[in-house]
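Visitor: Could you walk me through this one? I'd like to start with the open space and then go on to the helices.

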Amino acid sequence: MRIFNQSPPSETETKKRILQAAVRLFARSGYDGTTTRDLAAAAGVAEGTLFRHFDNKKAILIQVATEGWVEILTDLLTELSEMGNYKAVAQVMRRRMLNIRENSDMMRVCFLEAQFHQDLRDRIQLEVIEKMSVVAEAFFETAMEKGVYRKMNPKIVAQIFLGMFAVAGFSQNTIGDPNASVQQMQEMAEGLADIFLNGVLVKD
């Protein structure tokens, strides 16, 4: 019987394992409550290997949170083309909120840790939010030219939409309450879609 030696994981695979371990531990114990020794053990690597891939623990946090935000907003913006009516907006909102709940560990790290680290907030703002806002602005501007939405400042519309989504995504019904029903999330999504498309004032 021939025994084949299993090849060691590639550098890419090792780095991915470290980042996945960081998401779990940062979400459970917080950044300050997690040591590099904890991270190495959870990833199944030596502590020295961890530092071969990252300069320090903060570098790991920044990459985890930045990539998390990119994933959240990229998924959202790729669906913007469907958003020409109330039903489409509600469906997009619902799918995104369900996705957020399914990835609650990542969301906790992205949102909660950013409150305590100015350099992380700056990085997310510069590398993610601003770039995604430009994409969203271009979409809304094109939709206004096509007559899908009434003409107004597309930059403001994009900022409001992304802000509204972020608030909904990090609400108690999506992250804080793991028992929130699909119906509750659907109601929230429909409410957000209605406010976004129709406002809150009674029309004359």
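**Pocket and helix packing**

Guide: The lining of the largest pocket divides into eleven nonpolar, two polar and one charged residues, where Ala, Val, Leu, Ile, Met, Phe, Trp, Tyr, Cys and Pro count as nonpolar, Asp, Glu, Lys and Arg as charged, and the others, Gly among them, as polar. This is a predicted model, in which local features need pLDDT of at least 70 and side-chain atom pairs count only at pLDDT 80 or more, while totals for chains, interfaces and linings use all residues. Residues are numbered from 1 along each chain as its sequence is written, and side-chain values use heavy atoms, with hydrogens and water left out.

Visitor: Which residues lie nearest the centre of the largest pocket?

Guide: Arg150, Met152, Val157, Phe196 and Leu197 do, out of 14 lining residues. The elements that give two or more residues to that lining are α7 (118–145), α8 (154–169) and α10 (182–198). A pocket here is an open set of points on a 1 Å grid over the protein atoms alone, where a 1.4 Å probe fits, with protein on both sides within 12 Å along at least five of seven lines, and lining residues have an atom within 4 Å of a point.

Visitor: And what volume does the largest pocket have?

Guide: About 360 Å³, a volume being the space filled by probe spheres set on the points.

Visitor: Switching to helices, at what angle do α4 and α7 pack?

Guide: Helix α4 (residues 57–78) and α7 pack at about 15°, with their axes 10 Å apart. They are therefore roughly parallel to each other, the term for angles under 35 degrees. By class, the contact of α4 with α7 has 14 nonpolar, two polar and four charged residues, contact meaning heavy atoms within 4.5 Å.

Visitor: What about α4 and α6, which way do they cross?

Guide: The crossing of α4 and α6 is left-handed, and they pack at an angle of about 110° with axes 9 Å apart. These two helices are therefore roughly perpendicular to each other, which covers 65 to 115 degrees. On the α4 side Leu61, Val64, Ala65, Gly68, Trp69 and Ile72 take part, meeting Met106, Met107, Val109 and Cys110 in α6.

Visitor: Which residues of α1 meet α6?

Guide: Val23, Arg24, Phe26 and Ala27 in α1 meet Asp105, Met106, Arg108 and Val109 in α6. Those contact residues divide into five nonpolar, no polar and three charged. The axes of α1 (residues 11–29) and α6 (residues 104–112) come within 8 Å and cross at roughly 70°.

Technical notes:
Axes are lines fitted to C-alpha atoms, for helices over the stretch in contact, and angles run from 0 to 180 degrees between N-to-C directions. Helices (H or I, at least four residues) and strands (E, at least two) are DSSP runs, numbered from the N terminus. Angles under 35 degrees count as roughly parallel, over 145 as roughly antiparallel, 65 to 115 as roughly perpendicular and the rest as oblique. A crossing is left-handed if the near helix is turned anticlockwise from the far one by less than a right angle, and right-handed if clockwise.
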